[in-house]
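Hi,

Here is the structure I said I would pass on.

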Amino acid sequence: MSIAEHIKSSLQLPTFVVNGYLEDLTDADLLVRPAEKSNHINWQLGHLIQSEQFHTSQVCPDVAPELPAGFKERYTKETVSSDNPADFLSKAELVELMHKQREATLNALSKFSDEELMQPAPESVSYLGPTVGCVFAGEATHWMMHAGQWSVIRRIIGKQPLF
């Protein structure tokens with residue numbers, strides 16, 4: 001198995017978990033916070049989409065899809081405390097962007113050889129690990145970390161555990 005195939009495989013679990021957690025949630029559910037001063041799912045989704053777009057573009061420029069106009073301004077540290085639905089995109093819009101971004105990430109990953117994935121990561125994303133492969137693999141960890149918070153929100157709003 002190549003490094004790219006291994007990373008692609010590791011991205012399947014967070015994609016499955018995130019899709020499962022989001023499937024039966026409403027736009028209103030995405031604004032529930034797991035604890036005071038914690039981030040709601042809507043903001044976290046925007047953050048995750050924006051992060052993956054940035055990370056992918058750092059290792060493979062011009063592959064990641066552009067985010068819609070105003071997206072970055074909606075999902076900042078300054079907007080994290082807002083509970084106003086008008087400040088954010090809808091669940092449907094976020095899910096569509098999430099899938100487009102993941103498709104672009106997987107397409108970019110497929111273009112790399114093992115040798116290229118072992119090259120040093122750009123300094124701008126080296127916090128994900130020392131190599132280009134680590135940048136791609138870091139997406140799995142990032143998405144799973146946030147999805148873990150969503151399981152708590154699901155319980156708060158009366159949803160049954162999924163996994």
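Let me start with Thr79, which sits in the loop between α3 and α4. (Helices here are DSSP runs of H or I with at least four residues, strands are E runs of at least two, and both are numbered from the N terminus.) Thr79 is buried, at 16% relative accessible area; buried means under 20%, exposed over 50% and partly exposed in between, with a 1.4 Å probe and protein chains only. Its side chain reaches the backbone nitrogen of Thr76 at 3.0 Å. Leaving aside neighbours within four places in sequence, Thr79 is in contact (heavy atoms within 4.5 Å) with Trp43, Glu73, Arg74 and Phe88.

Before you read on, some housekeeping: this is a predicted model, where local features need pLDDT of at least 70 and side-chain atom pairs count only at pLDDT 80 or more, while totals for chains, interfaces and linings use all residues. Residues are numbered from 1 along each chain as its sequence is written, and side-chain values use heavy atoms, with hydrogens and water left out.

Next, the helix packing. Helix α1 (residues 3–23) and helix α4 (residues 91–110) have axes that come within 11 Å and cross at roughly 175°. The axes are lines fitted to C-alpha atoms, for helices over the stretch in contact, and angles run from 0 to 180 degrees between N-to-C directions. So α1 and α4 are roughly antiparallel to each other, the word for angles over 145 degrees. On the α1 side, the contact is made by Ala4, Ile7, Lys8, Leu11, Thr15, Val18, Asn19, Leu22 and Glu23, and on the α4 side by Lys91, Val95, Met98, His99, Arg102, Leu106 and Leu109. One of these, His99, is partly exposed at 36% relative accessible area. The C-alpha atoms of His99 and Asn19 are separated by 9.7 Å, though the two residues are 80 apart along the chain.

What about the cores? A nonpolar core is a set of buried Ala, Val, Leu, Ile, Met, Phe, Trp, Tyr and Cys residues joined through side-chain atoms within 4.5 Å. The largest has 25 residues, of which Leu22, Ile41, Leu45, Ile49, Phe71 and Trp150 touch the most other members. Two or more residues come from each of α1, α2, α4 and α6 (132–156), and α2 gives the most, with 5. Not counting residues up to four places away in sequence, Leu22 touches Leu30, Ile41, Leu45, Lys91, Val95, Met98 and Trp150. There is also a second, separate core of 15 residues, with Phe112, Leu117, Ala121 and Phe136 among them.

Then have a look at His55 in helix α2 (residues 41–59). His55 is buried, with a relative accessible area of 5%. The side chains of His55 and Glu139 are joined by a polar contact of 2.5 Å; that term covers a pair of N or O atoms within 3.5 Å where, within protein, one must be able to donate a hydrogen and the other to accept it, and residues adjacent in sequence count only if both atoms are side-chain atoms. Beyond four places in sequence, His55 touches Val125, Tyr127, Leu128, Val135 and Glu139.

Last, two loop residues with positive phi. Lys37, in the loop between α1 and α2, has phi near 70° although this residue is not a glycine, and at 77% relative accessibility Lys37 counts as exposed. Asp62, in the loop between α2 and α3 (71–74), also has a positive phi, near 70°, and is exposed at 80%.

Cheers

Note on methods:
Parallel < 35°, antiparallel > 145°, perpendicular 65-115°, else oblique.
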